[in-house]
Amino acid sequence: MTSTFRLTGAARAAASLGAIALAGLAFPAQAETLRDALVAVYNTNPTLEGARANQRATDEGVPIQRAQGTPSVNVTATHVEFLRQSANSFTAPERNLGVNAQLQVPIYAGGAVRNAINAAEERVSAGQADLRATESSVFSQTVAAYMDVLRTEALAELAANQVEVLRVTFQSTSDRFEIGDLTRTDVAQAQSRLALAEGDLRTAYANLIGAREAYIQLVGRAPMGLEAPPPLPGLPETVGMAVVTALENNPDLIAAKERAQAAGYDTDAAGAGRLPTVGLFANYDYSDFYGTLGGPVAANFVQRETTANAGVRITIPIFQGGLPAARQRQAGARETAALEQVIATERNVIQQTRAAYASWQASNAVIESSQAAVEAAELSLEGVRAENSIGNRTIIDVLNAEQELLTARAQLVTARRNAYVAGFSLLAAMGKAEARDLNLDTGGPLYDPQVNYDRVKGRIWDWDRDAEPAANSTRTVDIKAADAFIGPVLEPESER
């Protein structure tokens, strides 16, 4: 079901972001909470679903590396037709079937397999941290989109209310001009402010549609009567506490550290190329000449034979043109880069945490000052109107007072949006903005990437496949665009 946007001249304005709902918006009877939106994102967002699939692909790196150290069995069958035999050979066969079965068991590879497995396991852990970061990022975008819808609804209602107020002011100014109480300049000033307010309303409506579409993109459905969000849990008391928590729990930093560990194992694995390798082998051969071996005296020859052998193979590299050393130097340089990335990520986490904390604190301070500004502007407007009625104030004074009140209310709405989004961004930087931290009821157990890793890490059967790939996310092609009709609030006076 989709919402139809239809702005009318509501005669109320509210200071609370969650409480202001655009009058005349034809929302369905049911309302949606922020928790509902986050659950929908958790279950159906394509970015999150894609990140989970990529992590499942990363999980397969461990069995892929482990396979290099497991026994392998190969069977080769060859059928040969000898089209032309040597003139000096009276026993050459006309055809032959050869079957070779080979078993190889690696025993020692200089630590290459062991270190490759360790590196793959570290990358699985890094990928799991990346998945946490993706979940946190998508949730942060969803919270911002949710609050943007509430903010643009509120601003659109304030704009609609301002148009109605200015219509009344313009009408009263025109009436007073007719009786000679005001000048044409007063009427022109009121008319100019009304025209500007109508333009602002059109802009507010366009912004509302943009916020709605951003919400649909993330959540997968149209916003339906969004309710005020709940208080954010676990916000820190000081910026120092926030930074300490972020350095311990931020998933980006954890992923960077895990990748540095994996790079270290890569360096060790690269150095194994100069060490000996040891392996066991066994071969079985079967040959069938189809009764053609021996030509005219074929009966004197054995037409089928089998052989088998087994042994130990030791390979000792002597000289490889510097290849192992180059590989190890290359891996070492990449390990250095990974270690530098840990520090870069740590710096970034500290910066994000401190900036989010400062933005959250500043927005809270703006809320307090904006509330005071709204209260003062309301009293000021009331006084200016009263003084104007007795001729002590001009129309421009009234118009300015109305504009100041509108600006204060809009600033309050925006500050409350900014405070909530900054607070959630702070939680995300601290690694505390995931489904497990928010106690989301997703309709089942939370997605645990460890479950898939445990499922596949020990599999060795070559024909072990999963189900056919398929997308799980919901599409939005059937959600209708918002109604472009704004309504009678923008119609000229003569048409109403």
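**Close-ups of a predicted model**

**View 1. Where helix α1 meets helix α5.** Ala37, Ala40, Val41 and Thr44 of α1 touch Tyr215, Leu218 and Val219 of α5 (contact means heavy atoms within 4.5 Å; helices are DSSP runs of H or I with at least four residues, strands are runs of E with at least two, both numbered from the N terminus). Sorted by type, the residues of this contact are six nonpolar, one polar and no charged (Ala, Val, Leu, Ile, Met, Phe, Trp, Tyr, Cys and Pro count as nonpolar, Asp, Glu, Lys and Arg as charged, the others, Gly among them, as polar). This is a predicted model, where local features need pLDDT of at least 70, side-chain atom pairs count only at pLDDT 80 or more, and totals for chains, interfaces and linings use all residues. Residues are numbered from 1 along each chain as its sequence is written, and side-chain values use heavy atoms, with hydrogens and water left out.

**View 2. The four-stranded sheet.** Here the strands line up as β1-β2-β3-β4 in an open sheet with antiparallel pairing (two strands pair if DSSP finds at least two bridges between them). β1 (72–81) and β4 (304–315) sit at the edges with a single partner strand each, so one side of each has no neighbour in the sheet. Zoom in on β3 (residues 277–288) and β4, and you'll find 12 bridges joining them. Leu280 has Val312 in β4 as its bridge partner.

**View 3. A look at Tyr290.** This residue sits in the loop between β3 and β4. Phi of Tyr290 is near 55 degrees, a positive value in a residue other than glycine. Tyr290 is partly exposed, at 38% relative accessible area (buried is under 20%, exposed over 50%, partly exposed in between, with a 1.4 Å probe and protein chains only).
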